[in-house]
Amino acid sequence: GLIWYDGELVPWRDATTHVLTHTLHYGMGVFEGVRAYETPRGTAIFRLQEHTKRLFNSARILNMTIPFSVEEINQAQIAAVRENKLASAYMRPMVFYGSEGMGLRADNLKTHVIVAAWTWGAYLGADNMERGIRIRTSSYTRHHVNVTMCRAKANGNYINSMLALQEAVRDGYDEALLLDTEGYVAEGSGENIFAVFDGELHTPTLLSALDGITRKTIFTLADELGIKVVERRMTRDELYVADEAFFTGTAAEVTPIRELDGRTIGCGSRGPLTEKLQSLYFDHVSGKRDD
Ligand code: PLP
């Protein structure tokens, strides 16, 4: 396959970097996760503009300057899918510092950009899209709120996510639920969370969760169904007694949650509103609707 690397498509094996790459040492970098789907009109990247905008915003928050225009980064993603002849794809744009120097000043460093694309199925398991996943509350917290980097999809924000997911998997769960530093529900390791209470959709505010593009899409779909969406602080025990719960994310798409900390949520499988939104989501991304 080919990877877009600083303006050129290069063979996968040549898309390498030096061991003194600054980002490898200090973790200062930003990235995106984007999906392209097969549609009746060919392969289409879902919410390309929004992902590129978030990438540039993440870089701005971390004071990194992307040496390409928004349009160039859009085209890079299109090229990565097209030139690899992928009908559907997961794409990974990433911005990182080069190996021109060490230390924390980082004022003499080149900023590099790559876009890789590959085929990736259901992130949390195909069977789980219907059956739902089992999750546990993590001993690791989401602490964007303390570092004022809530809006950045930054490499460094994923250390706790990884530790949380590894802890969950080691204990036999499919995913982790991270709380914020005050103990309120934040998000999954790489997903936003929603709960259903009496026909309404509730989701945590953006104080401790990433501003998910899938989350926003769910708002739109809920609006079309005439379902009220409430953004608020939520506790883990409220989730125990929710009628339904699900995760959203570019990788996880819409994944039902059937159990949290050993408590069965709702009917113990995919709930009716989750099923409806999941099916609308897949119709939406695969262009089976007009918008
Ligand atoms: N929360 C975190 C920590 C994530 O990494 C992601 C994935 O990008 C999400 C939420 C979901 O965001 P999106 O729907 O934009 O993929």
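Let me begin with the ligand: of the elements that contribute to the shell around it, helix α7 gives the most, with three residues. Please keep in mind throughout that this is a predicted model. Both α7, which spans 213–224, and β14, which spans 244–249, supply at least two residues each to that shell. In total, 14 residues surround the ligand, and the closest are Leu210, Gly212, Ile213, Thr214 and Thr250.

From β14 I would like to move on to its partner, β15. These two strands run antiparallel and are joined by four bridges, with Phe247 having Thr255 as its bridge partner in β15, and together they form a hairpin in which three residues lie between the strands.

How many of the eight residues of β15 are buried? Seven of them are, so this strand, residues 253–260, is largely enclosed by the rest of the structure.

Its other pairings can be taken in turn. With β8, residues 133–142, strand β15 pairs in the parallel sense over three bridges, and here Leu260 of β15 is the bridge partner of Ile135. Leu260 also has a bridge partner in β16, namely Arg263. Strand β16, residues 263–264, runs antiparallel to β15 and is joined to it by two bridges. These two strands again form a hairpin, this time with two residues between them, and in the turn Asp261 has a positive phi of about 50°.

Key
Residues numbered from 1 in each chain as written. Predicted model: local features only at pLDDT ≥ 70, side-chain atom pairs only at ≥ 80, totals over all residues. Near = placed C-beta within 6 Å. Buried ≥ 20, exposed ≤ 12 C-beta atoms within 10 Å, placed from the backbone. Pairing = 2+ DSSP bridges.
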